[in-house]
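User: I'd like to learn how to read strands, sheets and a ligand site in a model. Could you walk me through one?

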Amino acid sequence: MKPSPFAYHAPESVDETLTTLSELGEDGKVLAGGQSLIPLLNMRLAAPPALVDLARVPELDTVEVTAEHVRVPARVTHERLRTHAEATAAIPLLRQALDWVAHPVIRNRGTALGSIVHGDPAGELPALLGLLDGNVELVSTQGRREATADSFLLGPLESDVRPGELARAVVFSRPAPRTGSAFEELARRHGDYAMAGVAVTVTLDPARNVAAARAAFIGVGGTPIGVELTDALSGQAFDALEPGEAIGLARAAIDPTDDIHATASYRRHLAGVLLGRALESAARRAAEDAAAEEGTHT
Amino acid sequence: MSVTAGAHERIEVEVTVNGVPRAAEVPPRRLLSDFLRHDLRLTGTHVGCEHGVCGACTILLDGAPIRSCLAFAVSVHGRELTTVEGLAADDGTLHPVQAAFQDQHGLQCGYCTPGFVMSACGFLAETTEPDDDEIREGMSGNLCRCTGYAGILAAVKQAAGDLRASGADPRSQHQPEDDAFAGRPGGEHGPAGGDGGGEVPS
Ligand SMILES: Cc1cc2nc3c(=O)[nH]c(=O)nc-3n(C[C@H](O)[C@H](O)[C@H](O)COP(=O)(O)OP(=O)(O)OC[C@H]3O[C@@H](n4cnc5c(N)ncnc54)[C@H](O)[C@@H]3O)c2cc1C
Ligand code: FES
Ligand code: FES
């Protein structure tokens, strides 16, 4: 189908975008890559009176990598971030997650931040917001605020962008030394939304035993579900993990439902299997990271 | 220049399509797929699902494959588009990717084919020596109800080899003098359809 008619605004700067959004109030909707919004418009599941297109705002294009953070503004596509050497070296989990996002052709237009704002329960990037202690920077003519995963991701396809606001960038924290990460998921076809998936980070102590571990699950709740696994794994050797307790904790924390692709009990089982695999790879990568770091200091 | 238009106003959109400057006045809600098909009368780009799932509408935007059903014409003002009409040589000789689809039986009804061909052109520009898994992943965003995919995967593999041999950029129009096929058995893809294998677009 075709979208219902909408007024169109293509401002040329962030300031102009904010003025336009403020004038439009409840009527205005931001158009970023369109890879989630346009399907909704075409199916007439959404019919906003006005779109504010970021197509002419190049100041939202540049990824910044500092000693602490990777900052990804609103126009950065999945594909550009996935292939950004400096950003993915700083936070390998970005690449590990983005490899699972959609198909290459969708990644060429869809934006990383748009996917977080869209808040699909099976989207990969919303899971990174909490796991990497991320913040979404929200700006309007009234000022600026920051939101964490807990305050920003409110429910399935619902995030806390208020009328008049632009999500300007998402900022992810770089991992601590001796940290490894992994993203595992199962989808019916590579590139489709996952039936279940998990992102994990594992940090080792200098003796290569687990010092901290966390996971964030997708597709098994209305928003990504973070699970703290440090108590279940701490002190275990990186190459002899016994993930049983961690898997038990995770299976109790998630809240999957039935749909045409999989039953809730299958998803619960799957989430545990994926967690076991992800922990193993993340711990191995953490040991590699530790070895590389010692190499640079000797 | 910033742009503002009411829901029923028309906006002039200028683009370069297959190297030719084109323009039309369209309402904001005109999908890029419909802009190409209805306003510019380039009906090679097909429309299947109109929500991003089937890939039939895939075209190149500044050389990168995108879904034309998931973009508005007004959003791509000033940019360069390549559609399936822009691939064959002026004399009708098929582009290596099109020729490979013909050789390897990569199509039956042909509805999905323009999308697969454009996805393959974008993919092969990025990945010049793909292995079978990379080809599967590269083509995973396109659906075909007829072929069962084996012929399509074989076609992309053949095209990858042919493009490596000729060194041509798969995103540009085929230049027959670059033609690396002349000596290949069954590899004549002239406008007369040398191997009798199929229709050639006019
Ligand atoms: C076939 C297909 C398969 C897909 N598979 C996956 C997948 O496996 N995993 C996955 O994660 N995603 C998948 N996607 C979705 C894709 O990742 C989208 O790109 C992403 O969800 C939205 O980003 P966008 O830039 O396209 O946002 P848009 O579609 O432009 O916008 C989405 C929503 O966010 C709002 N918005 C966007 N940016 C801003 C901003 N800066 N400020 C305020 N509001 C904003 C919009 O108003 C809209 O409500 C798929 C899409 C398709 C079509
Ligand atoms: S018509 Fe565009 S993806 Fe199906
Ligand atoms: S050849 Fe018929 S849909 Fe692919």
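Analyst: Happy to. Let's start with what pairing means: two strands pair if DSSP finds at least two bridges between them. Keep in mind as we go that this is a predicted model.

User: Thanks. In β14(A), which residue is the bridge partner of A:R214?

Analyst: The partner of A:R214 is A:E228. That bridge belongs to the pairing of β13(A) with β14 (residues 225-228) of chain A, where four bridges join antiparallel strands.

User: What holds such strands together in general?

Analyst: Strands of a sheet pair through backbone hydrogen bonds, and they may run parallel or antiparallel. For another antiparallel case here, look at β12 (residues 196-204) and β13 (residues 210-218) of chain A, which pair over eight bridges. There, A:L204 sits opposite A:V210.

User: Which residues take a positive phi in the hairpins of these strands?

Analyst: In the hairpin of β12(A) and β13(A), with five residues between the strands, A:R208 has a positive phi near 70°. In the hairpin of β13(A) and β14(A), with six residues between the strands, A:G219 has a positive phi near 80°.

User: Now a whole sheet. In what order do the strands of the open five-stranded sheet in chain A come?

Analyst: Read across the sheet, the order is β4-β5-β10-β6-β7, and the pairing is antiparallel. β4 (64-65) and β7 (143-147) of chain A are at the edges with a single partner strand each, so one side of each has no neighbour in the sheet.

User: On to the ligand. How many residues surround ligand 1, and which are the closest?

Analyst: The shell has 30 residues, and the closest are A:V30, A:Q35, A:S36, A:L37 and A:T111. They come from chains A and B, so the site is shared between chains. Within chain A, domain 1 (7-173) and domain 2 (179-292) both contribute to the shell, so ligand 1 lies between them.

User: Which elements of chain A each supply at least two residues of that shell?

Analyst: They are β2 (28-31), α7 (112-118) and β10 (166-173) of chain A. The largest share, four residues, comes from α7(A). By type, the shell divides into 14 nonpolar, 13 polar and three charged residues.

User: Where do oxygen atoms of ligand 1 come close to polar backbone atoms?

Analyst: For polar contacts, look for N or O pairs within 3.5 Å. An oxygen of ligand 1 is 2.6 Å from a polar backbone atom of A:L37. Such distances are 2.9 Å at A:A32 and 3.1 Å at A:A102. As for cover, the protein takes up 94% of the 970 Å² of accessible area that ligand 1 has on its own.

Key
Residues numbered from 1 in each chain as written. Chains lettered and ligands numbered in written order. Predicted model: local features only at pLDDT ≥ 70, side-chain atom pairs only at ≥ 80, totals over all residues. Heavy atoms only, no water. Near = heavy atom within 4 Å. Polar contact = N/O pair within 3.5 Å; in protein donor to acceptor, adjacent residues only side chain to side chain. Areas by Shrake-Rupley, 256 points an atom, 1.4 Å probe, with all protein chains shown as cover. Nonpolar A, V, L, I, M, F, W, Y, C, P; charged D, E, K, R; others polar. Domains from an automatic or database assignment.
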